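Please open the model in a viewer and keep the selection panel at hand. The stops below are meant to be followed in order.

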Amino acid sequence: MTIAIDVASRIVLGVYVTFDAASVLSMTLCLDHCLRRKSVHIPGTLKNLVWPAAGIPKAIHVDNAQEFHGDAFTMACEDWGIAVQYRPFGGKPYGGHVERLIGATMRAVHVLTGNAQFSTLEKGDFDSEKDAALTLAEFEDWLDLEISANAPCGLGGNTAGGQVVDIDVYRTRYLPFGWRRLGRTGVTLFGVTNWSDVFA
């Protein structure tokens with residue numbers, strides 16, 4: 001789970017759940033979720049909870065994971081006017097707010113049917129694949145409802161920061177990339193040379 005939280009209000013700005021390891025992609029999709037206006041349907045009713053945050057953050061605080069130091073991430077943040085503030089090395093007091101949130105979320109997860117518990121001893125003979133009770137999409141729905149229902153001002157509709165008009169442009173800007181030299185015959189990528197008239 002990759003999660004973003006507003007330090008001042010403690011409102012969860014966005015979340016992304018995947019079976020894959022943390023990466024630039026999971027970080028980008030979490031930020032993508034932060035930008036969007038969001039609402040969550042309350043099962044069994046005709047009501048929606050409005051997720052009270054959307055927009056481009058002015059600054060983000062991150063740890064020193066490799067994905068936060070790559071060219072794609074740093075240049076995209078610069079393009080969108082997002083200041084990146086890195087956690088000092090050995091800075092244990094930093095990031096406690098999000099760590100507490102993840103801990104509270106994990107405790108809530110462990111009351112769900114089909115959870116694998118905290119430890120191998122508690123797990124016992126539970127077979128994660130055979131005894132799973134939720135699909136990933138169902139879990140995401142549950143998590144969205146849990147977050148929005150417990151958010152400060154959960155029924156509000158506040159937004160902060162500028163709004164992204166073209167989400168696809170935003171997403172593309174954060175994708176990993178590599179530099180290639182433009183030669184007289186074009187650009188070579190994966191052993192194949194490509195040419196376009198615009199290169200002229």
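Select D32 and R36: these two residues form a salt bridge, their closest N and O atoms being 3.2 Å apart. The term denotes a side-chain nitrogen of Lys or Arg within 4 Å of a carboxyl oxygen of Asp or Glu. A search of the whole structure finds one such bridge. The model is a predicted one, in which local features need pLDDT of at least 70 and side-chain atom pairs count only at pLDDT 80 or more, while totals for chains, interfaces and linings use all residues. Residues are numbered from 1 along each chain as its sequence is written, and side-chain values use heavy atoms, with hydrogens and water left out.

Are the two partners buried or exposed? D32 has a relative accessible area of 4% and is therefore buried, whereas R36, at 32%, counts as partly exposed. Buried means under 20% relative accessible area, exposed over 50%, and partly exposed in between (1.4 Å probe, protein chains only).

Next, select residues 24-35, helix α1. Helices (H or I, at least four residues) and strands (E, at least two) are DSSP runs numbered from the N terminus. The 12 residues of α1 reach 17 Å from first C-alpha to last, close to the 16 Å expected at 1.5 Å a residue; the expected span is 1.5 Å times one less than the number of residues. Because 10 of its 12 residues are buried, α1 is largely enclosed by the rest of the structure. Among the buried residues are V24, M27, C30 and L35.

Move to the N-terminal end of α1, which S23 caps: a side-chain oxygen of S23 lies 3.2 Å from the backbone nitrogen of L25. In return, the side chain of S26 reaches the backbone nitrogen of S23 at 2.9 Å. S26 belongs to α1 and is buried, at 3% relative accessible area. Polar contacts are pairs of N or O atoms within 3.5 Å; within protein, one must be able to donate a hydrogen and the other to accept it, and residues adjacent in sequence count only if both atoms are side-chain atoms.

Now select M27, L31, I60, F73, C77, I82 and Y174, which touch the most other members of the largest nonpolar core, a set of 18 residues. Elements giving two or more residues to this core are α1, β5 (59-62), α2 (71-80) and α6. The largest share, six residues, comes from α1. Such a core consists of buried Ala, Val, Leu, Ile, Met, Phe, Trp, Tyr and Cys residues joined through side-chain atoms within 4.5 Å.
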